[in-house]
Amino acid sequence: MPRKRTLISSPLAWSPRSAPVAPPALPVLAERGGTQIRTPLPVAIVDTREQNPLSFRRFKGWFTRIEHRALRLGDYSIEGMEDSCAVERKDLADLIQSFTTNRAVFINRLRRMSELPHSLLVVTTSWNEIKSEYPYRAANPNRIAQSLIAVLAGLRVPFICTETHELGEEIVASYLYQTFLYDWLDRNGH
């Protein structure tokens, strides 16, 4: 007897895609009435004090250029928007240190970021890693996780966790690009 063929496989057999797709040529195109609006590209700024900077090489079409210079606040911004846009990036070790040893300094920086119209904290590790035991560290994972939630609820600084440094690059590049785009559209009556 022939075996009956299943048209749809069981969801239990599905597995998540293990590798993210490549980033788009541009994160978003501005349109009005079905017509694409020609917009300039921003200049991304990377703070010279950033210890393990994100590389925007894969996103050359998103920016006119990438400059490295000291920023008053944050690790990344857009030229001309340094006083209104700040992105702070932390890997797990830096996040733990920022919420323990350097807590007062970090919270003060986040308070200043909360006053800006565009601020984002990017953590280049997964939420699962944040909530897991830290070998060789006395820090409590629950304290770190709750500190992030307190930053979101109390200071209203949004944060996003990415599994890898490379995904963090794409998030920051996209955020900077889109922040500039919407600011430019607003200033130019679109």
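1. A friendly place to start is Cys-161, which is partly exposed at a relative accessible area of 22% (buried is under 20%, exposed over 50%, partly exposed in between, with a 1.4 Å probe and protein chains only). Its sulfur lies 19 Å from the closest cysteine sulfur, in Cys-85, too far for a bond. Cys-85 itself is buried, with a relative accessible area of 0%. The whole structure has zero disulfides (a disulfide being a pair of cysteine sulfur atoms within 2.5 Å).

2. Please keep in mind that this is a predicted model, where local features need pLDDT of at least 70, side-chain atom pairs count only at pLDDT 80 or more, and totals for chains, interfaces and linings use all residues. Residues are numbered from 1 along each chain as its sequence is written, and side-chain values use heavy atoms, with hydrogens and water left out.

3. The largest nonpolar core has 24 residues, and Phe-56, Phe-63, Tyr-76, Val-87, Val-172 and Leu-176 touch the most other members (a core is a set of buried Ala, Val, Leu, Ile, Met, Phe, Trp, Tyr and Cys residues joined through side-chain atoms within 4.5 Å). Elements giving two or more residues to this core include strand E6 (85–90) and helix H5 (165–187) (DSSP runs numbered from the N terminus: helices are H or I, at least four residues; strands are E, at least two). H5 gives the most, with eight residues.

4. A second, separate core of 22 residues includes Leu-73, Leu-116, Leu-148 and Val-151.
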